[in-house]
Amino acid sequence: MLVLYRVYQFLIMIPLMVVLTLLAVIVTLSGCMLGGGYWWGYYPAKIWARAFCLLTFVKVTVRGRENITPGKSYVFVANHQGAYDIFSIYGYLNHNFRWMMKRGLRSIPFVGYTCKIAKHIYVDNSSPAATRSTMVHAEKVLSRGLSIVVFPEGARTYTGKMRAFKRGAFLLADEFNLPVVPITIDGSFDILPRTKRLPKWGHIILTIHKPLLPEEGKGHDLKELAAQSQTIIQSAL
């Protein structure tokens with residue numbers, strides 16, 4: 001079965017994925033440049049991500065969608081098991097958002113520039129001025145009613161187990177007094193872990209937990225927020 005699946009990947013899946021990625025880039029760039037960044041910065045990528053899951057025979061089940069309100073801004077925080085975390089959240093969260101991502105990802109050909117035009121947030125902490133610029137950009141994104149998704153571990157796990165969450169990932173929630181929504185991603189590690197190059201079929205479960213609200217007049221306690229988010233995410237693994 002695995003041999004047939006690999007043949008299918010090389011002859012059908014991978015060529016289609018390349019074509020779909022190029023189409024998504026072209027459509028996103030064109031739409032954003034024409035002034036429709038709110039819509040075109042999210043929905044083409046959502047369709048692209050769903051197509052990736054379907055072509056790979058990856059089923060995604062979402063639990064807890066009733067915990068979030070359409071159109072409301074959140075800071076979503078999720079564990080980072082593998083590459084399909086991106087496809088599952090993009091394709092199935094159903095909530096318009098932008099990623100907070102490493103500055104180094106900006107160098108990916110075509111995709112890096114497209115993410116910039118679509119107003120995803122590249123985190124730059126190289127200097128106080130760069131950090132402030134990142135926060136200003138984030139504020140503009142959130143002011144449009146969008147949400148933000150961040151992986152507090154900073155990178156994909158090598159072992160399948162969560163690493164400690166970095167408090168810096170929660171700064172935006174504290175800065176702008178936003179609710180934090182933990183998301184558990186379960187099953188992505190088995191499909192495409194960091195140590196593998198080709199995915200396999202499987203089942204991913206996204207669990208959207210109840211928002212963690214800032215304390216009135218005080219905001220968030222970053223240390224407690226990071227620890228609480230990690231505990232909640234771990235509870236659904």
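This is a short tour of a predicted model, stop by stop.

**Stop one: two helices.** Select residues 43-56, which form helix H3, and residues 84-92, which form helix H4. Their axes sit 7 Å apart and the helices pack at an angle of about 125°. That angle is why H3 counts as oblique to H4. Look at how they pass one another: the crossing is left-handed.

Now show the side chains where they meet. On the H3 side, pick out Ala45, Lys46, Trp48, Ala49, Arg50, Phe52, Cys53 and Thr56; on the H4 side, Tyr84, Phe87, Tyr90, Gly91 and Tyr92. Nine of these contact residues are nonpolar, two are polar and two are charged.

Go to phenylalanine 57, in the loop between H3 and strand E1 (58-63). Most residues other than glycine have a negative phi. Phenylalanine 57 isn't a glycine, yet its phi is positive, about 65°. At 49% relative accessibility, it is partly exposed.

Asparagine 94 is in the loop between H4 and strand E3 (97-102). Here's another positive phi in a residue other than glycine, this one near 60°. Asparagine 94 is partly exposed too, with 35% relative accessibility.

**Last stop: serine 147.** Select strand E5 (residues 147-150) and find serine 147 in it. Is serine 147 buried or exposed? Its relative accessible area is 0%, so it counts as buried.

Notes:
Residues are numbered from 1 along each chain as its sequence is written. This is a predicted model: local features need pLDDT of at least 70, side-chain atom pairs count only at pLDDT 80 or more; totals for chains, interfaces and linings use all residues. Side-chain values use heavy atoms; hydrogens and water are left out. Axes are lines fitted to C-alpha atoms, for helices over the stretch in contact, and angles run from 0 to 180 degrees between N-to-C directions. Helices (H or I, at least four residues) and strands (E, at least two) are DSSP runs, numbered from the N terminus. Angles under 35 degrees count as roughly parallel, over 145 as roughly antiparallel, 65 to 115 as roughly perpendicular and the rest as oblique. A crossing is left-handed if the near helix is turned anticlockwise from the far one by less than a right angle, and right-handed if clockwise. Contact means heavy atoms within 4.5 Å. Ala, Val, Leu, Ile, Met, Phe, Trp, Tyr, Cys and Pro count as nonpolar, Asp, Glu, Lys and Arg as charged, and the others, Gly among them, as polar. Buried means under 20% relative accessible area, exposed over 50%, partly exposed in between (1.4 Å probe, protein chains only).
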